[in-house]
Protein chains: 2
Amino acid sequence: MSKQLNIGLFGFGCVGQGLYEVLSNSVKFKADFQKICIKHPEKKRILDQQLFTTNKWDILNDPTINTVIELIDDPQDAYIIVTEALKRNKNVVTANKKLVAEHLEELLELQRKHHVSLIHEAAVCGGIPIIRTLEEYYDNERLTSITGIFNGSSNYILTKVFKENQSYQGALEQAQKLGFAETDPTLDVGGFDPKYKLVILALHAFGIILKPKDVLNCGIQNISSIEKNVYDDSSLQIKLTPSIQRLPNGHIQAFVLPQLIGTTHPLYNINNEYNAVIVEGIFSNEQLFIGKGAGAHPTGSAVLSDISALCYDYKYEYKKYYHHQNISLDNSAKIKLYFSGEKQNLEKIFGEDRAIEVENGGVVLAEESIQWVIDHQKQIEALSLFVAQIHNEALVPLQKWLKKYELVYALT
Amino acid sequence: MSKQLNIGLFGFGCVGQGLYEVLSNSVKFKADFQKICIKHPEKKRILDQQLFTTNKWDILNDPTINTVIELIDDPQDAYIIVTEALKRNKNVVTANKKLVAEHLEELLELQRKHHVSLIHEAAVCGGIPIIRTLEEYYDNERLTSITGIFNGSSNYILTKVFKENQSYQGALEQAQKLGFAETDPTLDVGGFDPKYKLVILALHAFGIILKPKDVLNCGIQNISSIEKNVYDDSSLQIKLTPSIQRLPNGHIQAFVLPQLIGTTHPLYNINNEYNAVIVEGIFSNEQLFIGKGAGAHPTGSAVLSDISALCYDYKYEYKKYYHHQNISLDNSAKIKLYFSGEKQNLEKIFGEDRAIEVENGGVVLAEESIQWVIDHQKQIEALSLFVAQIHNEALVPLQKWLKKYELVYALT
């Protein structure tokens, strides 16, 4: 019943080693590492030297290897490994969200053409089994929205800044020290990492292939003491929340923006490196999944579950995609936005009468489309403005907070 | 690829009707209601009268029907319907937790013998896809514990009592009016309903078949103003939390008890009719699933997902059970317990020196095994005592609260 997996592994860091230990201690598994491809042959390894190679083709061209596990850092190398493995009729497990998000169309086609399976639970929110759940459980449910916290590193930083009075820079350095943050922190704090995850979820949940470059992402880099003041006075918090929503016209709105949320928001207490995914469907109502999004163990657990699924020839069906109903990305709907920064910088975009002077700078509330933000993104960045969506329950407390500055402001 | 389902439906209440609407509006589904068995032929129906029958054998003996959906109230009738359908080689979807929990062994054997599938996501925590996740995602993970809030009705009552100062009786009546509570409220507030769910989860998560009668369940019926005082003074809350834990000896501890939890406990903010499941594994760490546990829509959503799975001939594999490692129920481990009630009643069990006099009654803290509670359960009930487990973080605040009564008490 269960298939013998002969595995070629790429990458033998924390996750790879953890995986090895679990697999070799498992009695149930018919899985065997035939070869492990590494970058640094000089490092001392816990396994027989003969098992290792630095040449990827030793694995890719080995016909006895039927399964490739790709756990390396570099998305370019990962792309070659994953596509060449699929072309050679090997099933693949990957944890590389950028690779998957950037090449969805090609990866689907390779799977179809070569009758192979590419699965990637570990690429999205580590140990939260969200892709499998979307594929298997919500496959016939008309979902209305997916949001959450998909990046542990920026959530860790936001928690430290708001709840423990740390500086943004200090919190970022600590996240890097703890191994949560990517080597290039822009991927995390700039909202690129959660955007890749959002693109992957959009396919499994809504059947739409989005191009990462078409999806707006603004990050938390320009957060300042203004937001800390908002928090101290009104308890409103900033979370970096990717969002996919089905619009009344049936099309999809998708973006990554920081969000001002109030104490009653389900993400309000998701702190530190925790991730969360909120799935809403017409029938199923709101479901919340919470867990650690990153780290060797949760990632290893997701990879393990994928390997186990391959023993039973598991494939994603992409039912919603193949039953595609001609939906597309729609950036035209207006959302409520909060901007902050130097008052004179805000005035350059919004004019003098819109910017409200607050302690340490200025604030503008606006209602604009995502497309408007995309069109102004370069200018927003150049002026070091911070931009966030205002969630419903945050609007009244925010307006109340602005009244402190004796400038009653009604959102148009 | 996908199989044509000819469905015989039992029960046409809220969930049944909702299901019908969704199925008949779905373009993707090859599912068709051939016959609907109802109890009350006199009720006006939205469908052609010819579709309905009051005779279960019209469905069970119809060879063209290959799928039975059982959504009735009565567990005895449900037992006959489900077992007879399986014996006639029909796949079955059921939402009846009592039926499933009471007959696990027989239901597994019938599935094996007749090569059919019985699936029952809707029986446990409505819209939270926990069984599928345990079967598919955690199938190779060594889980260490499962706990949560599995009963929306008692959680609703506890929320109203603690957070909205309602009386227990008033809150119970309101829950019944809103349709959360079973006709016999003892099933909910006495912890029977969550016990059936616990028994089902124990099979999927740990591969053990527990008999409901062997599993301790104490309810929230004897909650009193003492617990409200504890909450008002120390913020400790009571939640009704079923718990399955793997003991260091490899065996399983399982019981349903109210639990005193502190503000940092992940279930602290799960209120009203919400359900939650916390899954802990060695590798995957802690995962939290939150959603509405009951009601027509979440239940309908779970049934829909099960029907969809049957289109692809889905079966539970029960891998952990069939790879059974000789584990059994072990009630011997000691846990920290809180008892409250009339002081003289507490003294009848614990002696005069153990009962601490507090406002409106007495409290005893004790460390006893589950078996001890089972042995004393009749006495505890006869004396109208309230019993709860004390979660780690609640112990210090509880002891501090007791100091108010100038009786310093150190838990032995």
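A: Domain bounds here come from an automatic or database domain assignment. The model is a predicted one, in which local features need pLDDT of at least 70 and side-chain atom pairs count only at pLDDT 80 or more, while totals for chains, interfaces and linings use all residues. Residues are numbered from 1 along each chain as its sequence is written, and chains are lettered from A and ligands numbered from 1 in the order in which they are written.

The part to look at is where two domains of chain A touch. Chain A is divided into domain 1, covering 5-119, and domain 2, which is made of 141-292 together with 325-412. Taken over C-alpha atoms, the centres of domain 1 and domain 2 of chain A are 35 Å apart. Where these domains of chain A touch, seven residues of domain 1 are in contact with eight residues of domain 2 (C-beta atoms, placed from the backbone, within 7 Å).

On the domain 1 side of this meeting in chain A, helix H4 (97-102) and helix H5 (104-114) each supply at least two residues (helices are DSSP runs of H or I, at least four residues, numbered from the N terminus). The greatest contribution to that side of domain 1 of chain A comes from H4(A), which gives five residues. Sorted by class, the side of domain 1 of chain A that touches domain 2 of chain A holds four charged residues, three nonpolar ones and no polar ones (Asp, Glu, Lys and Arg count as charged; Ala, Val, Leu, Ile, Met, Phe, Trp, Tyr, Cys and Pro as nonpolar; the others, Gly among them, as polar).
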